[in-house]
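Here is a short briefing on two protein chains and how they meet. Keep the structure open as you read.

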Amino acid sequence: MSTTTTIRPTDLRSLRDAVLDTAGTIGIAGAGTAADWAGPLAPVDAVLDTTGLTGVITHNPGDMTVSVRSGTPLRQLQDELAPHGQHVSFDAARIADGATVGGLVATADAGPAALVFGSLRDLVIGVTIVLADGTVARSGGHVIKNVAGYDLTKLLHGSHGTLGVLAEVVLRLHPVPERAATLAIHCSLEEAAEHAATVLGGPYEPAAMEWTSDGVLLIRLEGTADALDARVQRLRTALGTGELLDLQAHSDQGADRDRTEQGLPENLGTGPEPGDVPPAERAAPPSDERPVRRIGTDESAVRRDEPWERYASLVRGAPEFATLRIGVRPSLLPAVLADLPTESVTAGLGTGVATVALPPAAVAAAHARVHAAGGTSVLRSRPAGAEVPAWGPPPSAIAVLRAVKAELDPQGRFGPGRFDPWM
Amino acid sequence: MSVDSGLGSRVKRAFETALAPEDVIGDPIRCRSYECDGLTGYRVVPELVLLPRDAAQVAAAVRVCAEHGVPFVARGAGTGLSGGALPVAGGVVISLARLKRVLEVDPVDRRAVVEPGVTNLEITAAAAPHGLYYAPDPSSQQVCTIGGNVAENSGGAHCLKYGFTTNHVLSCEVVLPDGSLVTLGSDTGEQAGPDLRGVFLGSEGTLGITTKITVRLLRTPESVRTLLADFPSIAAAGDVVSDIVAAGIVPAAVEMMDTLAIEAAEEAVHAGYTVGVPAALVVELDGPAEECDVQFEQVKQICDRHGCTRLHIAGSPEERAAIWRGRKAAFAAVGRISPDYFVQDGVVPRTRLAEVLDRIAGMGAEAGLRVANVFHAGDGNLHPLVLYSAAAGETERAEKLSGEIAELCVELGGSLSGEHGIGADKACSMPKMFSRDDLEVMRRVRSAWDPQGLCNPGKVLPTPRLCGERPGRYRPHPLEEAGVIERL
């Protein structure tokens, strides 16, 4: 067995050189927040550490696009975008742990905001990748509408480091909503599904809707400072229940400045006064929390968003359990979950996506159950040393997947083991 | 001369066995109906046209192609404007016109399962009784099919807010070029492994043929507010778009038209546009009523601030429909003011709209041709219409100008195509946008799906030897004319 070397390139050129100058198999590592997701990486000759590939390359606020090096922590990117009142509409739980943009794309991760904005596949509009033979290829660009050529972005999304290394990523941005509010309802999964049907069947346009096995349904609304109160009230009336949480907003002076520079009125809306928030809670936002901006005040105030933090911690799983990410038709989700011996659950009742913690021994049957329901499942984490199947039955297009792998990485250099036993 | 195809009677019989004899068209006169799509400048008569009735027959037909090395091109309604469904000489066209069933509308999970020959608007019509709709809405939505939308990753006016076909297709049943039937994608946005569905979407029929599509449906917005605003200049209208974006508003649609496009549209459908103004914007907001009202006020103020000369707010669904009728009629309407025209489809970063329009005007003046502009301003997707008269011998000049405009978009940091695709039309421009390595990687991807190269060959990627050689009627290749190469 050869010794593993770690290489930490700092730009596209040195990344390409690293791939070319290395013989044998390569594991790609970012911040390591998903190191044990999917199949376990087989022993490799070299590890390519992408955390030196950081920083914004181009941010075009007027076009609402940004290109970044793939090793940039998304948290850091969001911080840089915030003064412009913009963000990547994406809130996967492990962003708080320092997950990189490239890692989030490669692992096809997503958070509650996927209900409206989808996963990163829906937000990435361009990539630069390095293949196992050192070829540097680009697809997409800085425009949100682009149908020239094949969308290589999609191929890399969910590839778990087996097809190429992401060097640069171009993302579509959205405005940070002025305000957000969450309605929390204590209920069972069955009751939550009924509430979800009411919410989705009406004009409420939730920004996120997740049930957790703590017995809470969280419904987040986002919008303008002026309109949100009425919307929340209407939703609460329709559901006949619900505890209102974090009807807060924080000012973003950068956003104010941007507007002023562009000749916009400084007070386009009014929100709750800064005094609404206890001073002790005016801390920097926890990084997994979606910030909200407030127009026309010069104070910064953010309250910690505890229910969503709790949600994120359940998504991350627990060391003694295996964590499985599943997706089925939303209406089938409660029944599928009821059949699994779950320790904890977060369930997106609008998306059909759930993250469950299970005893490792129950994972194979869980894959089978989800597959029988026409869904997909991927192992996210496993107790140290445990042998747990990462994948369920292979998709019908497995031959295409293998052929793509053979074309792009004929020697099987990247990510050996990640897709065992599929390829 | 036999009316049997040049493919040989044995191959034809194999297709007749795979389908039914009456569903295989070999008569050259009838095949001529399929010689081009909406890009009528390029024409190739296929050897055979196949009219399968279901997915199994499509798969059977493709298996015959694979077995006998016959190139094939899938075709829906033929509304594509880049020659994506242009037949291949010596090949067959597989028409999906008969696969037009809406198989399922599921209001609970908000999705529909349809066959590829269903038109875009028919999906929304099927969903409407449940208060749902299908968001991507190409201007040709009344006639274009969802199969074609999948092939081209089509967009439309409302894609600024809601995204494109790729964001709304959950899964596709696909006949691969070897004739096998697979499903790409799943019931949710969640995926296990690389996103093959995402690669297939927008691949312009070069990776396989879709036979069943599951799309996401959205709830019909509670409130829709639409305005039509006139401006003294393109630049002023452009500034309005920038300010709307800067205010953190994501409109459902922002469309812009210039003098020539307005004049043509108004003449055609009398939608209430102001003839003679330099620029008009259609801005539409949708969403919860409270939200819509607040943001609509902001948009009105922004319009005022930039010297809006007339602000017409749709006061009824009929007025809203009229505004959209004007916009959606613009392409066809241009036919009233010019005997012929090319529709181009480039994209620039939104912040460079004024610059690109200025340069297009200059290029048009230099070429002695008029260019009308009607486009998706919110996402920088231009549709310059290059007006010309074939009878007056302006075709070559117009074609050249149209190509130069697309390449200008690339020069300004944009794309050769926003929704119409590359097809046969712009394959030769691809090296302007992508490096040799970029294209080579795309070729490798294509080869993984279609190792025999039978699936819509000659589209999207340039074929180096033939670039400069147009499909369709024979024209000498420039290198041939120069005596460098000879035709074998």
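UniProt positions are given in the numbering used here, and such annotations may be inferred rather than shown by experiment. With that in mind, UniProt places the feature "domain: FAD-binding PCMH-type" at residues 42-220 of chain B, in an unreviewed entry. The model itself is predicted. Chain B and chain A bury about 6900 Å² between them.

**The annotated span in chain B**

- Residues 42-220 of chain B are 23% helix and 25% strand.

**The interface as a whole**

- Chain B gives 90 residues to the contact, and chain A gives 80 residues.
- Of the area buried between chain B and chain A, 56% is on carbon and sulfur atoms.
- In chain B, the residues that lose the most area to chain A are Glu190(B), Pro194(B) and Arg444(B). Together they make up 10% of what that side buries.
- There are 33 residue pairs in polar contact between chain B and chain A, counting pairs with both residues at pLDDT 80 or more.
- Helix α16 (residues 436-449) of chain B supplies ten residues, the largest share of the side of chain B that touches chain A.
- Sorted by class, that side of chain B has 35 nonpolar, 30 polar and 25 charged residues.

**Salt bridges between the chains**

- The rule finds eleven salt bridges across the interface of chain B and chain A. Over all chains, the count is 44.
- Glu190(B) pairs with Arg325(A) in a salt bridge, at 3.2 Å from N to O.
- Asp438(B) and Arg138(A) form another salt bridge, at 3.9 Å from N to O. This pair runs from helix α16 of chain B to strand β8 (residues 136-140) of chain A.
- Is Asp438(B) buried or exposed? Asp438(B) counts as buried because its relative accessibility is 3%, under the 20% cut-off.
- A network of salt bridges links Arg121(A), Asp122(A), Asp195(B) and Arg197(B).

**Salt bridges inside chain B**

- Lys212(B) forms a salt bridge with Glu173(B), with the closest N and O atoms 3.8 Å apart.
- Lys212(B) sits in strand β10 (residues 209-216) and Glu173(B) in strand β8 (residues 169-175) of chain B, so the pair ties together parts that are 39 residues apart in sequence.
- Lys212(B) is partly exposed at 32% relative accessibility, whereas Glu173(B) is buried at 15%.
- Arg320(B) forms a salt bridge with Glu284(B), where the closest N and O atoms are 2.8 Å apart.
- Arg320(B) lies in helix α12 (residues 317-337) and Glu284(B) in strand β14 (residues 279-287) of chain B, so this pair ties together parts that are 36 residues apart in sequence.
- Arg320(B) is partly exposed, with a relative accessible area of 30%. Glu284(B) is buried, with 1%.

**A buried glutamate in chain A**

- Glu210(A) belongs to strand β12 (residues 208-212) of chain A.
- Glu210(A) counts as buried because its relative accessibility is 4%.
- Which residues does Glu210(A) touch, not counting residues up to four places away in sequence? Among them are Pro112(A), Trp308(A), Tyr311(A) and Gly348(A).
- A polar atom of the Glu210(A) side chain lies 3.2 Å from the backbone nitrogen of Gly348(A).
- Glu210(A) and Leu115(A) are 95 residues apart in sequence, and their C-alpha atoms are 9.6 Å apart in space.

Definitions and conventions. Residues numbered from 1 in each chain as written. Chains lettered and ligands numbered in written order. Predicted model: local features only at pLDDT ≥ 70, side-chain atom pairs only at ≥ 80, totals over all residues. Heavy atoms only, no water. Contact = heavy atoms within 4.5 Å. Buried area = accessible area lost by both parts, 1.4 Å probe. Salt bridge = Lys/Arg side-chain N within 4 Å of Asp/Glu carboxyl O. Polar contact = N/O pair within 3.5 Å; in protein donor to acceptor, adjacent residues only side chain to side chain. Helix = DSSP H or I, 4+ residues; strand = E, 2+ residues; numbered from the N terminus. Nonpolar A, V, L, I, M, F, W, Y, C, P; charged D, E, K, R; others polar. Buried < 20%, exposed > 50% of the residue type's maximum accessible area, 1.4 Å probe, protein only.
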